[in-house]
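Please read them beside the coordinates.

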Amino acid sequence: MLFKGFTSNIKHIRRVFPIPNFRSSLMSFSHNSCSIQRLPKLLPCVKVKDPQYDGVVIVTDSPSKLVGDLEPLKDVIEKYGEIDEVYTKDVIFIKTDVIPSKRLIFSPTGPLNRDYDDVRRFADAAVKGIQRALKAGCKKPLFVRPVDDNFVGFAGKVATLGALHALYVPLEIREDVPEKKSKADVMGIWCSDEVKVTKSIPVTTAIESGRIVARDIGGSDPERMAAPRVLQYVQDTLKDSGIKIQVISDKNEFKKSFPLLEAVNRCASHVDRHTGRLIFLEYEGEGPIDTTLFLVGKGITYDTGGADIKAGGVMAGMHRDKCGAAAVAGFFKILSMLKPKGLKVVGALAMVRNSVGQDCYVADEIITSRAGVRVRVGNTDAEGRMVMADVLCKMKEDALSAVNPQLFTIATLTGHSIRAMGPNYSIIMDNGPARKLKTAQTMQEAGDRIGDPFEISTLRRDDYEFHTGKSEYEDVLQCNNSPSTMTARGHQGPGAFLIKASGLEKHGIDSNKPLPYSHLDIAGSSGPFPGIPTGAPIVAFTEKYVIPRL
């Protein structure tokens, strides 16, 4: 559920569900490989007049930053500015004989020194600049981003990622219109320090490869990325990568060990091409492991709302309710390419369709979770928390024997998150043990550095009380029946529900086995619809957990 009600409750009942033998449910597929996007070849360049490029795109706040090899272009841009004052406010195209291609695109960032300016100015300008270059017919642009004193070390990285975002081609286009599968063949990256750029290219390539995976899964339509086809895609993109893949698809196994997920999957399971998949991924780096991450991604391939159906034209766009799982898959693509040492990551993609029909789950059902918690359904459009809670419980069980575990849920969960923080920010909220680690604060700092920003919310006692069962029948109330946007604390409550329904409540700061857990709501940051998904929050995850290990 992305735009309706969200909240829930709980107590505890002691009943433990047996852990399934994953090997018994591994599935193999015979299928055609998906069309993996080929990135343009990224090349370091120290001479702006290199004749192999068919256009030059410059991103900076002022032409005055163009010195040395770039000095001739500064003169061209400033001369243009004498007849067009917009040149420091919007992207411009100049025909000039100073460079062999004669195509010069200047995309200004705007001011960078105000209280509210951040490194995303570079990404925004890069997107506009590359888009203008493509319209001009460029296939081999040279991308120029001078070092900026306000964002030393990060402006170039963020700008380059912005340029690559503009070059993304949707999966369906790549598969159905092969002649459009790539927007550019080569992209040069200008820098005064060729060695530095050369070293950065593999990291940039890996991050963008991960974002492509996240965009492909998150943005593709509900049939192209129905659960079985997500599995096919993941197997193709991670083939021979060293990532372990395990799958559960058996309905009886869902019912036995992931009963909350099974309830959502129940209706869709009658249609083979829509039936759910629970995909587990595992990466283990070389050397002694010092940190273990557990990531659970919401993968609702299409959200009709179920019995509490999304009426009034608000169902369109609900194929994007899988961006949490898409981000998890994308992060594993990055791990497979960069191979950070000392880090173990276990991920789960909960791929389920929330269908409506005679066998759909309904409000008032009481379902006992894997953790032995009796959950009363309040709204079938709050399905995201349902498919993640039992998987989070499984991760909790594994985390108890892991080295320095940190657990996360990642989901396009509530419209309230967009209403509260706007459409461009991931929201992170910690339980007590994660607060002691300052997980939210350090994630926000990483995101600010690399242009993948977070806002921090706090789980309060009100959220736990809201989701506590209202009668003797249930321990937890899954949700109220109002839209999350009309519910007080509508994005914090689901975090409390996930803690209670998964049994993580027993592993807070008052426990002798505390487990750090953070819930991420990416409903706002996942990207516009219509539009291209962003891949958030995997760039911040990479900056925080991977880059320091390279």
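1. The largest cavity is lined by A214, C323, A326, A327, S526, P533, G535 and A536. Here a cavity is a set of points, on a 1 Å grid over the protein atoms alone, where a 1.4 Å probe fits but cannot get out; lining residues have an atom within 4 Å of a point. This is a predicted model: local features need pLDDT of at least 70, side-chain atom pairs count only at pLDDT 80 or more, and totals for chains, interfaces and linings use all residues. Residues are numbered from 1 along each chain as its sequence is written, and side-chain values use heavy atoms, without hydrogens and water.

2. Helix α9 (residues 323–338) supplies the largest share of that lining, three residues. The cavity's volume is about 40 Å³, taken as the space filled by probe spheres set on the points, with grid points joined across faces, edges and corners.

3. The largest pocket holds about 790 Å³. A pocket is an open set with protein on both sides within 12 Å along at least five of seven lines. Of its 30 lining residues, A123, D124, H165, G451 and T534 are the closest to the centre. Helix α2 gives the most to this lining, seven residues.

4. Is G297 buried or exposed? G297 counts as buried because its relative accessibility is 0%; buried means under 20% relative accessible area (1.4 Å probe, protein chains only). G297 sits in strand β9 (residues 291–303). A350 is 53 residues away in sequence, yet the C-alpha atoms of G297 and A350 are 6.2 Å apart.

Definitions and conventions. Helix = DSSP H or I, 4+ residues; strand = E, 2+ residues; numbered from the N terminus. Buried < 20%, exposed > 50% of the residue type's maximum accessible area, 1.4 Å probe, protein only.
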